[in-house]
Amino acid sequence: MGIKGVSSAPGDFIYFKSQVPLHRIPIGTKQWRYYDFGPKVVPPLICLPGIAGTADVYYKQIMFLSMKGYRIISVDIPRVWNHQEWIQAFEKFLDAIDVHHIHLYGTSLGGFLAQLFAQHRPRRVKSLILSNSFIETKSFSAAMPWAPIVSWAPSFLLKRYVLTGIRDGPHEPFIADSVDFVVSQVEMLSREDLASRLTLTVDDASVGPLLLPDSSITIMDTNDYCAVPLQLKDQLNERYSEARRAYLKTGGDFPFLSRPDEVNLHLQLHLRRVGVEARPDLVQVVPKADSDSGPSEKKDERGGDDDTHEDDNERNGSSPSENETPPAPESSESHSIEDRLLVNAEACYLANVMLLSTHGENKVLVAVLLLHYIQMIYVGCLMLGMKDAGSSHLLSFIPNW
């Protein structure tokens, strides 16, 4: 596996760092590192990463969804050592940023922590999106003989354990790039960060019943492979049997990086379904990156000059760029096309459910309707310049007859 350093970070990530400020706030004994972008009047979607992730891994979701009028908050999992401490620390974080009602998108360990918070603080969590996640940690503790001493393990052993859980190549290019990006994030995590996250993974616990209805939950899994065993993913699917399903045929462990168009579309569908109203009229239009002389990545964002600049922005209350134009809505034509695409995707999903529920006599009629909606979505994708993304997304709706 080729490991890329920060100096070879993707161009769109470098552009993201130049436009979106990184925030750091101490709350009690915990340090919180997070991004918060998009209209503040919109109930936020908060993204929680897995063991190997940081707040940076969701940069493709932050850039895309914030430009659609949604508020996206992506956080690092702080240095906590048990699940009760996580619940208390996360609640204090939400209070500190003056957010009450939230929607949570968690992958792997982040999905497990999202469920625990929804269980113990049901009034705050309005919906869940769970990706390649699980509902209990017993399997992980059983598979790690040295689980009782994980908090004392040296850094090289912790990193090796985390990295061996990421499937090595060969990968298709987009998946390989997502793996390289996450590996570069792991290399920047401290021993204490890794130890605390692994402790949360192997500390024996399970998610109890949620007050949140299944209709407010979306399960978004990849069908090729991921580090979470299939048995644990099946347990989660059985627990939330009436949840909305959003399967991705490929994507690996990090579909939010390798399949961002599909993931972003499913996130939009979920937010619309649970009643989150986007505010495109409040979107700030950031200037385009200069193709000849784009911004260069500075030192490691965990302590270099880049953080100093970003922290100054936070203290002064300035925007990430002094040249930002006033808030401006997107064109009505662009929105009408995207609205049709989302509506057609919903209709196509319903046709798929109908098809799976028939016993054969109505399959021909429903199949005709399904093909009709596929054609409509494909035309919408072409109009949006998303031909490749549209083709791969459509495959996720076609059942295996």
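Predicted model: local features only at pLDDT ≥ 70, side-chain atom pairs only at ≥ 80, totals over all residues.
Colleague: How do the rings of Phe112 and Phe134 pair, and which parts of the chain do they link?
Modeller: The ring centres lie 5.3 Å apart and the planes meet at 20°, so the pair is stacked. Phe112 sits in helix 4 (residues 109–120). Phe134 sits in the loop between strand 6 (125–131) and helix 5 (138–143), and the two residues are 22 residues apart.

Colleague: How many aromatic pairs does a search of the whole structure find?
Modeller: A pair of aromatic rings is described by the distance of the centres and the angle of the planes. Centres have to lie within 6.5 Å to count. The search finds 19 aromatic pairs.

Colleague: Why is the pair of Phe16 and Tyr59 called tilted?
Modeller: Planes under 30 degrees apart count as stacked and those over 60 as edge-to-face. The planes of Phe16 and Tyr59 stand at 45°, with the ring centres 5.7 Å apart, so the pair is tilted.

Colleague: Which helices hold Phe16 and Tyr59?
Modeller: The two residues are both buried. They are 43 residues apart in sequence, so the pair ties together separate parts. Phe16 belongs to helix 1 (residues 11–19) and Tyr59 to helix 2 (residues 59–67).

Colleague: What is the strand order of the open sheet, and which are its edge strands?
Modeller: The sheet has eight strands with mixed pairing, in the order 1-2-4-3-5-6-7-8. An edge strand pairs on one side only. The edge strands are strand 1 (22–27) and strand 8 (244–245).

Colleague: How many bridges join strand 2 to strand 1 and to strand 4?
Modeller: Strand 2 runs antiparallel to strand 1 and antiparallel to strand 4. Ile25 has Trp32 of strand 2 as its bridge partner, and Phe37 has Ile72 of strand 4. Six bridges join strand 1 to strand 2, and four join strand 2 to strand 4.

Colleague: Which residue in the hairpin of strand 1 and strand 2 takes a positive phi?
Modeller: Two residues lie between the strands of this hairpin. The phi in question is near 65°. The residue is Gly28.

Colleague: In what sense do strand 3 and strand 4 pair, and which residue stands opposite Cys47?
Modeller: Strand 3 covers residues 45–48 and strand 4 covers residues 72–75. They pair in the parallel sense over three bridges.

Colleague: Where do the buried residues of helix 6 lie, and which residues are on the face turned away?
Modeller: Leu158, Lys159, Val162 and Leu163 are buried in helix 6 (residues 155–164). Seen down the axis, the buried residues fall within an arc of 125°, so they line one face of the helix. Helix 7 (173–188) and helix 8 (191–202) are included in what covers them. The face turned away carries the exposed residues Phe156, Arg160 and Thr164.

Key
Residues numbered from 1 in each chain as written. Heavy atoms only, no water. Pairing = 2+ DSSP bridges. Phe/Tyr/Trp six-rings, centres within 6.5 Å; stacked < 30°, edge-to-face > 60°. Buried < 20%, exposed > 50% of the residue type's maximum accessible area, 1.4 Å probe, protein only. Arc of directions from axis to C-beta. Contact = heavy atoms within 4.5 Å.
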